[in-house]
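Subject: Structure for your review

Dear colleague,

I am handing over the structure we spoke about, with the sequence alongside it. Please open both before reading my notes, which follow directly below.

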Amino acid sequence: MALEPETVRRIARLARIRISEDELPRLLGELNGILGWIEQLQEVNVDGVEPLTGGADMALRLRDDVVTDGGIPEEVLVNAPDRAGAFYAVPKVVE
Amino acid sequence: MFSLTLAETAAALRKRQFSASELTETYLAAVEALNPRLNAFITPTPELAREQAAAADRALAAGEAGPLAGIPLGIKDLFCTKGVRTTAASRILAPFVPPYESTVTEHLRRDGAVFLGKTNLDEFAMGSSNITSAFGPVTNPWTRPSDAAPLVPGGSSGGSAAAVAARLALGATATDTGGSIRQPASFCGVAGIKPTYGRCSRWGIVAFASSLDQAGPLARTVEDCALLLNSMAGFDPKDSTSADRQVPDFAAASRRGVKGLRIGVPREYQSDGMPPEIAALWQQGLSWLREAGATLHDVSLPHTKYGLATYYIVAPAEASANLARYDGVRFGARVEGEDLDSMYENTRGAGFGAEVKRRVLIGTYVLSAGYYDAYYLRAQKVRALILRDFLDVFRDVDALLTPTAPSAAFAQGERMDDPVKMYLNDVFTVPANMAGIPGLSVPAGLDARGLPLGLQVLGKPFDEETVLAVGAAVEKAAGFAALPSLRAGEARP
């Protein structure tokens with residue numbers, strides 16, 4: 001099943017990646033090449049197989065709900081694009 | 001000084017044959033001289049290296065030196081290093097200076113290592129040739145005698161592998177999501193091991209595909225890899241998938257020998273398309289192991305052929321989720337837009353390179369409504385079958401021997417037109433990531449054009465000891481002594 005240009009535009013929007021119309025034909029060909037190639041998995045019989053979600057079939061650990069770090073505002077703020085006192089300042093992200 | 005291995009250098013430092021500061025100056029001078037041609041380092045860190053070397057000299061003088069005191073290393077620029085820019089070879093992280101240290105590099109610091117700089121890689125570790133780096137490609141220090149075409153070092157840990165091969169570092173950290181330690185090791189004629197998933201903490205390593213990513217070392221010899229792994233490994237409560245297990249003495253294990261071991265030869269790794277010299281080297285490797293006392297056994301891993309296709313669903317899916325954090329809001333590069341969505345789209349459109357965009361788009365598609373079951377869920381089931389294949393054969397054999405990669409290093413510009421063709425580089429390495437098992441590449445010979453070829457050893461979960469022992473036996477029999485044309489000289493400081 002080949003992707004249509006409109007589908008590529010849609011997934012690019014979902015992924016929040018700007019794709020120019022010039023890039024679209026090449027990208028469409030590449031994505032269809034990759035998706036066509038992974039189609040081979042459809043021939044595998046997976047009836048009754050439990051999906052493997054992790055790297056080593058392990059159960060996730062829980063840790064105690066305690067504070068283990070903190071009190072380092074200057075270090076936390078070192079990558080802040082902007083700040084207001086001891087606070088991160090970012091563009092408005094809830095519209 | 002450059003001809004000594006890591007183990008030999010550590011011994012020489014303890015005997016005070018030279019100081020850690022002298023050694024570091026020698027390596028820093030080599031980096032300065034050769035990095036303009038190799039581009040193996042994105043950010044050299046000479047000041048940090050000199051401080052660490054001085055501290056190592058004090059510790060050596062006081063008799064309190066850690067096992068890696070004074071050993072100069074390259075650090076893949078995917079490991080966060082406190083106060084040192086960490087880019088993941090992406091424009092979007094170009095301004096990022098982590099205020100914290102990854103657990104793996106923290107372990108290396110604890111043991112006295114010296115960090116020469118941050119090594120180049122494919123952007124976000126996505127690639128097999130190091131051409132996707134936003135900081136330019138790495139050049140393999142090996143060349144074909146017949147022509148001067150610059151060759152790729154493999155990827156994604158291409159800068160680490162090239163630095164070790166060219167003797168710009170005694171070892172380097174690397175990560176392996178689908179072959180990113182083992183394939184560049186093969187292309188550059190060095191040793192490298194991807195340990196079992198969970199053996200090294202992922203905390204502070206820029207995430208690509210979290211259920212596959214695993215850190216490991218690259219070095220000149222198997223024993224050197226073992227020494228580095230002894231430091232890098234270990235339980236870390238900050239990584240929820242870190243294995244709470246003792247770290248065995250890997251260096252001792254690498255000297256065990258292979259007498260009585262049962263070595264499996266997976267028949268699915270034999271294909272008509274395999275170059276005859278790689279097939280011949282594989283046979284040679286098997287003969288070496290038999291002569292060293294191992295027995296050989298034909299085994300079957302029937303789902304091998306689906307490994308790559310499974311990988312190219314699971315890895316992009318996880319990458320699309322992991323890379324959602326790079327949105328221009330809190331850290332990293334930002335490109336403004338007329339509204340919030342256009343700021344996101346502009347930032348990510350400009351900040352990510354072509355390969356990263358392809359993978360994020362594939363990942364977004366396979367996870368999108370209506371396709372999840374057909375792609376992602378199915379891939380996780382095939383992944384379970386791949387793991388089952390390995391666990392079945394490991395009831396009968398102790399380790400497997402295969403080629404590492406389907407070719408030697410190729411030229412920059414070759415295989416760049418078709419992403420799927422590039423992905424095929426990892427056909428032999430990807431299954432170990434899907435199953436979480438350890439895998440090692442050891443240089444075993446040269447192809448007809450004089451380029452290095454590696455053999456891969458795969459082992460049981462958390463049995464790196466046997467993997468290292470088998471790798472060391474292949475290394476000893478191969479006596480691989482060839483050197484790349486471009487490498488640091490023998491000059492004393």
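What follows is an account of the sheet, the core, the chain contact and a few backbone details.

Please keep in mind throughout that this is a predicted model.

The sheet of chain B

Eleven strands of chain B form an open sheet with mixed pairing, in the order β1-β3-β2-β4-β6-β5-β10-β11-β9-β7-β8. At its edges stand β1 (41-44) and β8 (295-299) of chain B, each with a single partner strand, so one side of each is left without a neighbour in the sheet. Neighbouring strands are turned against each other by 30° on average, direction ignored.

I looked most carefully at β9(B), residues 399-403, where five of the five residues are buried, so this strand is largely enclosed by the rest of the structure. In a regular strand the side chains alternate between the two faces of the sheet. Five bridges join β9(B) to β11(B), residues 452-459, in an antiparallel arrangement, and here Leu400(B) stands opposite Leu458(B). The strand β11(B) is also joined by seven bridges to β10(B), residues 439-446, again antiparallel, with Val442(B) opposite Leu455(B).

The largest nonpolar core has 169 residues, of which Leu73(B), Val114(B), Leu168(B) and Val470(B) touch the most other members. Leaving aside neighbours within four places in sequence, Leu168(B) is in contact with several residues, including Tyr27(B), Val31(B), Leu34(B) and Ala488(B).

Helix α10(B), residues 307-322, is mostly covered, with 14 of its 16 residues buried. Its end C-alpha atoms are 22 Å apart, which agrees with the 22 Å that its 16 residues should span at 1.5 Å a residue.

Phe250(B) lies in helix α8(B), residues 250-253, and is buried, with 25 other C-beta atoms within 10 Å. Not counting residues up to four places away in sequence, Phe250(B) touches Ala226(B), Leu229(B), Asn230(B), Glu464(B), Glu465(B) and Leu468(B).

Contact between the chains

The contact takes 41 residues from chain A and 54 residues from chain B. On the side of chain A that touches chain B, the elements that give two or more residues are α1 (5-14), α2 (24-38) and α3 (73-76) of chain A. Of these, α2(A) gives the most, with six residues. The residues of that side of chain A divide into 26 nonpolar, six polar and nine charged.

Backbone details

Which residues does a cis peptide bond join? They are Gly155(B) and Ser156(B), with omega about 10°, and Ser156(B) is found in the loop between β3 (114-119) and α5 (158-165) of chain B.

Arg16(A), in the loop between α1 and α2 of chain A, has a phi near 55°, a positive value in a residue other than glycine; with 22 C-beta neighbours inside 10 Å, Arg16(A) counts as buried. Asn39(B), which is placed in the loop between α2 (20-38) and β1 of chain B, likewise has a positive phi of about 55° although it is not a glycine, and Asn39(B) is buried, with 21 other C-beta atoms within 10 Å.

With best regards

Definitions and conventions:
Residues numbered from 1 in each chain as written. Chains lettered and ligands numbered in written order. Predicted model: local features only at pLDDT ≥ 70, side-chain atom pairs only at ≥ 80, totals over all residues. Buried ≥ 20, exposed ≤ 12 C-beta atoms within 10 Å, placed from the backbone. Helix = DSSP H or I, 4+ residues; strand = E, 2+ residues; numbered from the N terminus. Pairing = 2+ DSSP bridges. Contact = placed C-beta atoms within 7 Å. Expected span 1.5 Å × (residues − 1). Nonpolar A, V, L, I, M, F, W, Y, C, P; charged D, E, K, R; others polar. Core = buried A, V, L, I, M, F, W, Y, C linked by C-beta atoms within 7 Å. Axes fitted to C-alpha atoms, helices over the stretch in contact; angles between N-to-C directions.
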